[in-house]
Amino acid sequence: VILLLISGVNLPGVKRLSEELKQTLAGANPDKAFEILGPAPAPIEKVRRKYRYRIMLKTQKVFETLRILEKTLPQNKFDSKQLVRVAVDVDPADLL
């Protein structure tokens, strides 16, 4: 499991980026190396005035999936004006 945590102070920006990221990852996954679950609000949706959404990638091919993420994430022009960030957690110990 790879967890992508999208966070920012602007809820519409976080939602929009989450959907864009899902579409981008779906297009970059022709060999079905991973299954995309989400985006969905994190169980604790707001922490320190930042809204949080997450996307889970269910995979048996962790290294192949990480290569796809490495190629995909920098190519996207994530919304720096809205201060939306994406964090990647491989094999998270806690899903909260």
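Biologist: What pattern does the chain follow along the sequence?

Modeller: This is a predicted model. The chain comes to 2 helices and 4 strands. Read along the sequence, the pattern is β-α-β-β-α-β.

Biologist: Which strands stand at the edges of the sheet?

Modeller: The sheet is open, its 4 strands pair antiparallel, and their order is β2-β3-β1-β4. Each edge strand has a single partner, so one side of each lacks a neighbour in the sheet. The edge strands are β2 (34-47) and β4 (85-90).

Biologist: By how many degrees are neighbouring strands of this sheet turned against each other on average?

Modeller: The figure is an average, with direction ignored. Its value is 20 degrees.

Biologist: How many residues of β3 are buried?

Modeller: Buried means under 20% relative accessible area. β3 is mostly covered. Of its 10 residues, the buried ones number 7.

Biologist: What angle does helix α1 make with β3?

Modeller: Helix α1 (residues 11-27) packs on the sheet. It touches β1, β2, β3 and β4. Its direction and that of β3 (50-59) make about 15 degrees.

Biologist: Within what arc do the buried residues of α1 fall?

Modeller: The buried residues of α1 are G13, V14, L17, S18, L21 and L25. An α-helix has 3.6 residues a turn, so residues three or four places apart point the same way. Seen down the axis of α1, the buried residues line one face, because they fall within an arc of 135 degrees.

Biologist: Which exposed residues does the face of α1 turned away from its buried side carry?

Modeller: Exposed means over 50% relative accessible area. On the face turned away, the exposed residues are P12, Q23 and G27.

Biologist: How far apart are the end C-alpha atoms of α1?

Modeller: The helix has 17 residues. At 1.5 Å a residue, they should span 24 Å. The model agrees, with the end atoms apart by 25 Å.

Conventions. Residues numbered from 1 in each chain as written. Predicted model: local features only at pLDDT ≥ 70, side-chain atom pairs only at ≥ 80, totals over all residues. Heavy atoms only, no water. Pairing = 2+ DSSP bridges. Axes fitted to C-alpha atoms, helices over the stretch in contact; angles between N-to-C directions. Contact = heavy atoms within 4.5 Å. Expected span 1.5 Å × (residues − 1). Buried < 20%, exposed > 50% of the residue type's maximum accessible area, 1.4 Å probe, protein only. Arc of directions from axis to C-beta.
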